[in-house]
Amino acid sequence: MRLILLGAPGAGKGTQADIVAEKYNIPQISTGAILREAMAAKTPLGIKVEEIIKAGSLVPDEDVVAIVRERLLQPDCRNGFILDGFPRTIPQAKALDQMLSEMGIAIDKVVSIEVGDEDIICRLSGRRVCQKCGATFHTAYKPSQKGDACDRCGDSLIVRKDDQEDVIRQRLEVYHQQTAPLKDYYAAQNKLRLVMGQEDLADTTALMEKALQD
Ligand code: AMP
């Protein structure tokens, strides 16, 4: 299964990608996570993108396309993959189509998780992330049993810089302007499925499963 997950930041792409990755035993490829790792390791790419990410803007297409190209060539992607957070612009989608056709493969389905902007703001402003292991929590919906510490590894939970409310609004604007048009792009290829993502996790997961099977 070769899958793309679309949706506004905070729509639940990462959570659903985790579930699908485990169920189908395929890797989840999150460009956001790869970029955050590069930032933490202070690689040249990490240093270059730090301010862009903190401001809620998009990293240049050529940088993320290069990341995805390298990742898709890894042997664990042979039986499929889930792209979470890529593509985010039409040029990225065209570059992906081109690279997949060179590899002799194609995307099977594109699922867009739909959540309204106000719900997104509420979700993201309550999100807490473990700075060590990357586990995510929510102050209201999925609190850590250990308060400000991570349930999984015990390290401290932080608010991502780009989860501050003004940055969230900027990320939503970028999403509506640059990423939402991808729905038409993939609808034209007859690959798009919409999943309502504002319900609770189990409902969204069930809808997701249906979308993958139809
Ligand atoms: P995410 O964790 O997917 O919300 O990504 C966090 C940030 O990384 C985004 O707000 C962008 O600044 C950057 N980023 C991640 N994926 C992409 C992409 N495909 N194109 C451009 N920027 C990206």
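In helix H9, the residues Thr204, Met208, Glu209, Ala211 and Leu212 are buried (under 20% relative accessible area with a 1.4 Å probe, protein chains only; exposed means over 50%, partly exposed in between). Seen down the H9 axis, these buried residues fall within an arc of 160°, so they line one face of the helix; the arc is that of the directions from the helix axis to the C-beta atoms. An α-helix has 3.6 residues a turn, so residues three or four places apart point the same way. The face of H9 turned away from the buried side carries exposed Ala202, Lys210 and Gln213.

The model is predicted: local features need pLDDT of at least 70, side-chain atom pairs count only at pLDDT 80 or more, and totals for chains, interfaces and linings use all residues. Residues are numbered from 1 along each chain as its sequence is written, and side-chain values use heavy atoms, with hydrogens and water left out.

H9 spans residues 201–213. Its 13 residues reach 18 Å from first C-alpha to last, close to the 18 Å expected at 1.5 Å a residue (1.5 Å times one less than the number of residues). Helices (H or I, at least four residues) and strands (E, at least two) are DSSP runs, numbered from the N terminus. The cover over the buried residues of H9 includes E1, helix H1 (13–24), strand E4 (109–114) and E8.

E1, E4 and E8 belong to an open sheet of 5 strands, ordered E2-E3-E1-E4-E8. The pairing is parallel; two strands pair if DSSP finds at least two bridges between them. Strands E2 (28–30) and E8 (192–196) stand at the edges, each with a single partner strand, so one side of each is left without a neighbour in the sheet. The twist averages 25° from one strand to the next. E1 (residues 2–7) and E3 (residues 81–84) are joined by 4 bridges. Arg2 stands opposite Phe81 in E3.

A second open sheet has 3 strands in the order E6-E5-E7, with antiparallel pairing. E5 (residues 127–130) is linked to E6 by 3 bridges. Arg127 has His138 of E6 as its bridge partner. Helix H6 (residues 117–125) lies across E5 and E6, at about 40° to E5. Axes are lines fitted to C-alpha atoms, for helices over the stretch in contact, and angles run from 0 to 180 degrees between N-to-C directions.

Asp63 lies in helix H4 (residues 61–72). At 13% relative accessibility, Asp63 counts as buried. Its side chain makes a polar contact with the side chain of Lys48 (2.8 Å). A polar contact is a pair of N or O atoms within 3.5 Å; within protein, one must be able to donate a hydrogen and the other to accept it, and residues adjacent in sequence count only if both atoms are side-chain atoms. Asp63 touches Leu45 and Lys48, not counting residues up to four places away in sequence (contact means heavy atoms within 4.5 Å).
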